[in-house]
Amino acid sequence: MTCPNTNKDRRQFLAGVAATAVLAPGVVLLTAPASARAPGEPATSANRWGLLIDTTLCKSDCTACVGACVKEMGLEGHDRPRTDAQYIRKVTVSDPETGHSHTLPVMCQHCAKAACIEVCPTGASMRRADGIVLVDRHICIGCRYCMMACPYKARSFTHEEQDNQKSYLPRGKGCVEACTLCAHRIDDGREPACVEACVTEGQGAMLFGDLADPASKIAQRVAKEASSRIRADLGLEPAVRYQGI
Amino acid sequence: MMRRLGAIGSLLAAVLVVTVLGSWAAWAADGRPDLPKPKGEQCIDTVDNMRRGHFDMLEHQRSLTLRQGIRGAKVSLKECVACHAAEGADGKPIPVNAPGQFCQSCHAYGAVSIDCFECHATTPKGADASAQR
Amino acid sequence: MIKHEYSELQPMTPSWLALVGVLGVLILAAFGAVWYMEHNGHWVTGMTNQVVWGTPHVFAVFLIVAASGALNVASIGSVFGRELYKPLGRLSGLLALALLAGGLAVLVLDLGRPDRAMVMIAHWNLRSVFSLNVVLYSGMFSLIALYLWTMMDWTMKAYYKPVAVAAFLWRLLLTTGTGSIFGFLIARDGYGSAVMAPEFIAMSFAFGLAVFNLVLLGFYAGSGRPISHALIHRLGSRLGLFVAADLYFVAMQHITSLYWGGRAAFETFILTSGGVYTLLFWVGQIVLGGLIPLWLGFCPRPMERGRVRIASALVILGGLAQMYVLIVGGQAFPLQLFPGMEVSSAFADGQFHAYTPSLPEVVLGLGGFAIALMIVVLGCSFLRFLPVSLDHHGEHITPCGCGPIHHHK
């Protein structure tokens with residue numbers, strides 16, 4: 001098991017990395033998991049964006065990822081928890097037999113064989129060539145069948161009118177929405193907002209990268225270290241992997 | 001009697017012609033009821049092409065951007081808003097779909113209604129100006 | 001073949017006007033409810049991000065399932081050659097068409113963006129069970145229309161049988177498709193079972209015949225047309241048979257689920273501790289909608305109009321309860337992200353999800369029934385769907401296996 005001290009050390013180390021990154025732009029280039037795609041170029045299947053989440057580093061009282069997502073995507077909501085949208089949430093898992101409990105962030109798992117895409121009548125639920133699962137809200141009719149099908153409860157229905165949307169994240173009444181893995185940031189060569197916040201404010205439990213690139217840190221780690229997926233038994237092949245679940 | 005009717009007839013016809021021609025001229029001349037001045041020197045295409053085809057451009061581009069991930073295309077709703085949202089006296093951007101603003105005034109004139117701004121931000125940066133893009 | 005005479009319902013009588021008026025008001029109210037829900041957004045309904053399908057879907061799926069079953073009466077007459085049922089074929093077809101229209105209307109009007117319903121035509125995901133259902137529904141409409149044509153136009157007589165067989169098979173496919181909407185939801189413990197498809201077929205037979213019985217008896221009482229006791233008895237006892245089949249598959253569903261690793265918790269929820277769902281299951285679905293109609297259908301005395309009416313009404317109420325338990329109850333039970341573990345979150349993970357139907361949802365659902373009935377009433381008033389009499393041949397036919405029929409004066 002991890003001892004709190006290692007965690008702290010690691011945290012300071014990562015904060016240090018982040019600080020260096022801010023100070024020296026060169027470092028960002030070296031560690032940046034992606035580079036901005038040239039204008040006019042489509043996403044390609046040469047990439048498979050994914051996350052590796054080390055739940056042993058995820059602190060139960062830390063919600064940096066959730067807060068960052070809400071801010072990035074403009075999901076402030078109407079203070080109605082049952083109908084407001086969420087893209088990422090912290091789930092607490094306890095073993096009833098041992099009493100052990102830990103937390104982990106859960107968002108759209110960007111499955112290769114996504115149930116939502118399978119059931120969507122119009123093809124609004126779709127996967128980009130680089131594996132990011134999105135809702136094309138231009139043709140979403142709001143039937144919510146994808147929400148019935150998703151095992152991860154990752155999607156939300158926009159239950160009421162919105163204003164103050166971000167220019168990079170249009171959203172409005174009557175369609176289904178979910179985590180986009182921050183496609184707008186990835187296309188720009190940046191990391192998802194939750195990952196960034198986890199590094200700077202949290203424990204650095206989340207790693208973003210290209211699973212299809214053998215040289216990437218995430219691909220190397222999943223090749224060497226044990227990792228698993230939530231409800232792997234369903235065979236949906238998510239792009240989000242977890243350690244310590 | 002017939003003369004009276006004839007006179008009324010030609011009067012009506014004249015009124016009709018004047019209104020039609022007048023509104024036609026208003027439409028064809030310097031454009032719609034006072035469009036707020038856009039930023040930049042020129043639009044992404046000729047004014048003529050924009051007037052005639054901006055909806056087809058947008059509708060064509062949106063799936064390319066969203067589904068294929070093509071960024072930085074010539075046509076982008078985000079960019080339309082960036083140039084066409086005017087600034088108020090307080091320096092804050094005015095939503096493009098607000099009454100009298102660029103997209104709205106012209107559509108109101110042509111009795112067109114669009115649902116794009118139920119979702120899309122109506123000011124250049126969206127919710128708050130501190131947003132990164 | 002016996003030749004039957006058909007005639008229109010007499011329109012513009014006081015009772016006709018009252019019926020059409022009430023249905024019209026219900027339909028208008030439903031559109032008002034839709035406007036209210038769409039204008040404000042779905043947060044004003046009971047539906048949430050946890051329970052995403054609610055009362056409108058309970059009504060819509062009921063109506064669609066019943067539509068397929070309503071056509072069964074025609075099939076028994078044409079495909080299986082039972083003379084007693086033949087004159088009922090036209091009404092059966094019309095009712096099926098109307099129920100399908102009512103159900104689909106509710107489904108479409110509950111969409112988040114009903115204005116985009118036409119998008120379905122331009123954009124097509126053929127792998128979706130939903131799309132498959134849209135194909136099945138459209139085919140159903142065409143086949144029933146064709147079927148009605150062959151029934152009502154003597155020059156089309158040659159096609160009557162093949163079209164009847166096609167409609168019969170299509171109908172089984174349709175209900176299988178409806179059941180598969182739920183059967184394919186592997187992640188949810190309440191669904192994702194192969195029993196769903198045959199269960200839906202059994203349900204459709206029962207719900208469809210129940211609605212058919214009420215409409216038939218209502219129209220014949222209202223317009224003073226005779227129905228033979230033999231027919232009434234047959235309709236009532238057949239309903240009992242279908243209810244038995246439904247009960248059988250419900251038992252199958254829950255028993256297989258109980259023995260299916262990891263689903264015991266869900267079964268415990270529905271069968272014992274689920275509050276309103278447990279109540280609706282045992283009292284609504286099993287006792288009122290199952291056992292009582294079963295007893296009414298099989299008890300040795302011949303069926304009377306009143307008993308058929310009660311049994312049919314109970315089957316409809318029980319059917320709505322069944323849909324509610326299936327659709328809403330299935331979602332109220334939390335998704336199992338980590339089977340065997342206890343989970344919690346700020347987004348309602350690991351807890352039973354609350355759902356309270358809101359008035360506009362119920363009004364929309366009832367509107368679906370009203371649309372269906374309006375279509376039937378208008379159809380029967382302006383075209384010849386109803387036999388003038390359902391009595392003159394009934395005397396010669398003894399229902400098989402049900403003992404002699406006593407005719408009352």
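**Entry 1**

I started at A:Thr92, which stands opposite C:Ser344 in strand 2 of chain C. (Strands are DSSP runs of E with at least two residues, helices are runs of H or I with at least four residues, and both are numbered from the N terminus.) Before going on, I noted that this is a predicted model, where local features need pLDDT of at least 70 and side-chain atom pairs count only at pLDDT 80 or more, while totals for chains, interfaces and linings use all residues. Residues are numbered from 1 along each chain as its sequence is written, chains are lettered from A and ligands numbered from 1 in the order in which they are written, and side-chain values use heavy atoms, with hydrogens and water left out.

Next I looked up how strand 2 (residues 88–94) of chain A meets strand 2 of chain C: they run antiparallel and 4 bridges join them. (Two strands pair if DSSP finds at least two bridges between them.)

Which strands make up this sheet, and in what order? I found an open sheet of 3 strands in the order 3(A)-2(A)-2(C), with antiparallel pairing. The edges are strand 3 (101–107) of chain A and strand 2 (342–345) of chain C, and each pairs on one side only. Neighbouring strands here are turned by 30 degrees against each other on average, direction ignored. (Axes are lines fitted to C-alpha atoms, for helices over the stretch in contact, and angles run from 0 to 180 degrees between N-to-C directions.)

I also spotted helix 3 (residues 64–73) of chain A packing on the sheet, where this helix touches strand 2 and strand 3 of chain A. Its direction makes about 160 degrees with that of strand 2 of chain A. (Contact means heavy atoms within 4.5 Å.)

**Entry 2: chain C against chain A**

I then looked up the whole interface: 54 residues from chain C and 51 residues from chain A take part in the contact. The two chains bury about 4,600 Å² between them, 59% of it on carbon and sulfur atoms. (Buried area is the accessible area, with a 1.4 Å probe, that two parts lose on being put together, summed over both.) In chain C, the residues that lose the most area to chain A are C:Trp43, C:Asn49 and C:Phe347, together 15% of what that side buries.

For polar contacts I got 33 residue pairs between chain C and chain A, both residues at pLDDT 80 or more. (A polar contact is a pair of N or O atoms within 3.5 Å; within protein, one must be able to donate a hydrogen and the other to accept it, and residues adjacent in sequence count only if both atoms are side-chain atoms.)

Which element gives the largest share of chain C's side? Strand 2 of chain C does, with 4 residues. I sorted that side's residues into 26 nonpolar, 20 polar and 8 charged. (Ala, Val, Leu, Ile, Met, Phe, Trp, Tyr, Cys and Pro count as nonpolar, Asp, Glu, Lys and Arg as charged, and the others, Gly among them, as polar.)

There are 3 salt bridges between chain C and chain A. (A salt bridge is a side-chain nitrogen of Lys or Arg within 4 Å of a carboxyl oxygen of Asp or Glu.) I looked at C:Asp110 with A:Arg144, whose closest N and O atoms are 2.8 Å apart.

**Entry 3: chain B against chain A**

Here 21 residues of chain B are in contact with 32 residues of chain A. Chain B and chain A bury about 2,200 Å² between them, 48% of it on carbon and sulfur atoms.

I counted 2 salt bridges between chain B and chain A. A:Asp187 and B:Arg71 form a salt bridge at 2.7 Å, N to O. B:Arg67 forms a salt bridge with A:Asp136 at 3.0 Å between the closest N and O atoms. B:Arg67 sits in helix 2 of chain B, and A:Asp136 in the loop between strand 5 (133–135) and helix 5 (145–149) of chain A.

**Entry 4: a sheet within chain A**

Last, I looked up an open sheet of 3 strands with order 8-1-9 and mixed pairing. Strand 8 (206–210) and strand 9 (240–243) stand at the edges with a single partner strand each, so one side of each has no neighbour in the sheet. Strand 1 (residues 49–54) and strand 9 of chain A pair in the parallel sense over 4 bridges, and A:Leu51 has A:Val240 as its bridge partner in strand 9.
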